[in-house]
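Visitor: Could you show me around this structure? I'd like to know what the words mean as we go.

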Amino acid sequence: MIATPDRTPLPREFFDRPVLEVAPDLLGRILVRTTPDGPIALRLTEVEAYDGPNDPGSHAYRGRTPRNDVMFGPPGHVYVYFTYGMWHCMNLVCGPVGRASAVLLRAGEIIEGAELARKRRLSARNDKELAKGPARLATALGVDRALDGTDACTTGETPLRILTGTPVPPDQVRSGPRTGVAGVAGDGAVHPWRFWVANDPTVSPYRAHTPRRRRS
């Protein structure tokens with residue numbers, strides 16, 4: 001018999017820890033997106049950790065900017081960024097105030113509101129692909145920069161909330177290099193800071209960084 005996932009909101013203290021503790025512990029948790037058309041719930045199956053000033057792969061590596069300001073704020077808030085002039089990606093801020101670290105939400109399984117997600121992800125061949133990758137996840141949930149800074153731990157009305165769900169047993173958690181991070185070992189390119197649920201079909205495929213060609 002499969003236990004019903006715990007719908008209790010995660011407390012802020014959950015996120016007020018080192019990013020490498022928070023990231024794997026997010027697997028199996030439930031992210032709820034509330035929209036005017038109804039809720040969408042997603043079980044997290046893949047994440048990546050970004051460790052601020054210690055991590056050349058992090059947006060906060062070179063300090064605070066208007067773009068990454070939320071990363072320096074209280075833990076449990078949502079950091080949304082726009083990339084390649086096309087896509088949004090979402091993160092959950094963790095660690096103490098002033099220490100910019102965050103977990104990128106890379107993939108998940110839609111467990112509620114799939115019909116709403118399908119309308120946003122018309123190119124998905126099946127429901128396993130609805131949130132298979134960080135940009136697809138944000139698109140399926142209707143997440144954009146307007147939600148940057150949202151408190152996912154508040155007890156009041158909020159468009160995004162993170163619930164306890166069913167944590168993944170440690171023996172089912174896998175780790176490896178982060179997708180698309182440039183550089184060499186010292187730059188964080190091979191840090192095993194990507195975490196995913198073993199054998200889960202919603203996990204995105206790993207892709208190493210490929211330098212973008214400049215037009216001649």
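Predicted model: local features only at pLDDT ≥ 70, side-chain atom pairs only at ≥ 80, totals over all residues.

Visitor: Why is L104 called buried?

Guide: Buried means under 20% relative accessible area, exposed means over 50%, and partly exposed is in between (1.4 Å probe, protein chains only). L104 has a relative accessible area of 3%, so it counts as buried. Its place is in strand 6, which covers residues 101-112. Strands here are DSSP runs of E with at least two residues, helices are runs of H or I with at least four, and both are numbered from the N terminus.

Visitor: And L31, buried or exposed?

Guide: Buried, because its relative accessible area is 0%. L31 is found in strand 2, residues 30-35. Among the residues that L31 touches are I40, M90, L105, L141 and I162, leaving out those up to four places away in sequence.

Visitor: What makes a group of residues a nonpolar core?

Guide: The members must be buried Ala, Val, Leu, Ile, Met, Phe, Trp, Tyr or Cys residues, joined through side-chain atoms within 4.5 Å. The largest core has 42 residues, and F15, L26, M90, L105, I110 and I162 touch the most other members. Strand 3 (residues 38-50) gives the most to this core, with five residues. Apart from it lies another core of 13 residues, with V70, F72, L104 and V181 among them.

Visitor: How do you know that the rings of F14 and F15 are edge-to-face?

Guide: Rings of Phe, Tyr and Trp (its six-membered ring) pair if their centres lie within 6.5 Å; planes under 30 degrees apart are stacked, over 60 edge-to-face, and the rest tilted. The structure holds two aromatic pairs. F14 and F15 have ring centres 5.0 Å apart and planes at 75°, so that pair is edge-to-face. For Y79 and Y81 the centres are 5.7 Å apart and the planes at 40°, so the pair is tilted. Y79 and Y81 are both buried.

Visitor: What makes helix 4 mostly covered?

Guide: Six of its eight residues, in the run 134-141, are buried. They are P134, A135, L137, A138, A140 and L141. Among the elements covering them are strand 2, strand 3 and helix 3. Just after helix 4, G142 takes a positive phi of about 70°.

Visitor: What makes something a pocket and not a cavity?

Guide: On a 1 Å grid over the protein atoms alone, a cavity is a set of points where a 1.4 Å probe fits but cannot get out, whereas a pocket is an open set with protein on both sides within 12 Å along at least five of seven lines; lining residues have an atom within 4 Å of a point. The largest pocket has a volume of about 1200 Å³. Of its 37 lining residues, Y84, R106, P134, T179 and G180 are the closest to its centre. Helix 4 supplies the largest share of the lining, four residues.

Notes. Residues numbered from 1 in each chain as written. Heavy atoms only, no water. Contact = heavy atoms within 4.5 Å. Points joined across faces, edges and corners; volume = space filled by probe spheres on them.
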